[in-house]
Amino acid sequence: MADKPIALKVLLRQKHLQGHRAFCKEYDKLAEQIEPELVGSWPSRAQFYRWLARDLQGLPYAHHCRILEAMFPGWTAEQLFQEHTGDIILGSGALPTARDNVVHSPKPVMPSSQGMADVTAVFPSRSTFSHELPPHKLFDGAKRIGMVGLSLNLLCQNYPDRFLLDLLESGTVVQCLFLDPSGRYIKEREREESHLEGVLSTLTRLNIQTLQRLHDKLSSGARENLRIRTYDEAVRFNITVIDDATCVVQPYLPDARGVESPTFVIEKQQTGPPGLFETFSRVFESMWARSKEITT
């Protein structure tokens, strides 16, 4: 991670485009002018914030680079993703300014995520992932969120209730699929993690009850947006799918707590063969289809 912001982050701030929604509007505006087929192909929210944190190897895909270079004439994509020093001035003559205000990295430029089957980031643990990509960066402004796992702490424990209520009232559909707290497989997971009997089942019940209380606070028209179900199967992955664009996958390791699991961020690509996004989104849909609905 860079100690100083990259040039792109500073330039976006100067143009008041540092928010994901504002950036996407400008992206589509430029795409319509130069490559209409790229309209709507902007980066997902999670991917956008990784750009600004310079949390990527090499550069984004070529079509993203073309749009960025059109957004900031005189700047190359390489310059935009290097850290800067001093002031950056927008407008004509930006190229000399770019050269004067970036620190060139001696590392070779590597293809962004070519050959990575949609995987755009890997974190050694859930805690590291949550530090770099906190829940608000994943969920704020989302239109659809689907989750399956054990207790779903990412949403139930780490995302403020009022933010979730606002999302649901605005029309966001949230599907939460918990491991059955009264089932066989949560007991097996408790033994696997060396917990006392009832530790994980109690946490899961509390999280379910939290969502049920939120459901009761919703307006009548918004209550159908919050959907809660359980399943009783061997727990293999924690999967979060956002807006048919971003997927976060965390495997459950033997003899290790969930927080210690590596985390993979997967971004659905607009071109090329299907990657892991399709794989894990199908897993979620399949598990949801055979799950048991909880009466709210």
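I take contact to mean heavy atoms within 4.5 Å. Helices (H or I, at least four residues) and strands (E, at least two) are DSSP runs, numbered from the N terminus.

I am reading a predicted model, where local features need pLDDT of at least 70, side-chain atom pairs count only at pLDDT 80 or more, and totals for chains, interfaces and linings use all residues. Residues are numbered from 1 along each chain as its sequence is written, and side-chain values use heavy atoms, with hydrogens and water left out.

**Helix α11**

I started with α11, residues 184-192. Its buried residues (under 20% relative accessible area, 1.4 Å probe, protein chains only) are Tyr185, Ile186, Arg189 and Glu190. Down the axis of α11 they fall within an arc of 150°, so they line one face of the helix. The arc is taken over directions from the helix axis to the C-beta atoms. I then asked what these buried residues pack against. I found β3 and α12 (199-217). Arg184 and Arg191 are exposed (over 50%) on the face turned away from the buried side. Just after α11, I noted serine 194 with a positive phi of about 60°.

**The sheet**

Next I followed β3 into its sheet. Strand β3 (residues 173-179) runs parallel to β4 (residues 226-231), joined by six bridges. Two strands pair if DSSP finds at least two bridges between them. Cysteine 176 stands opposite isoleucine 228 in β4. The open sheet has eight strands in the order β1-β7-β6-β5-β2-β3-β4-β8, with mixed pairing. β1 (119-123) and β8 (292-293) each have a single partner strand, so one side of each lacks a neighbour in the sheet.
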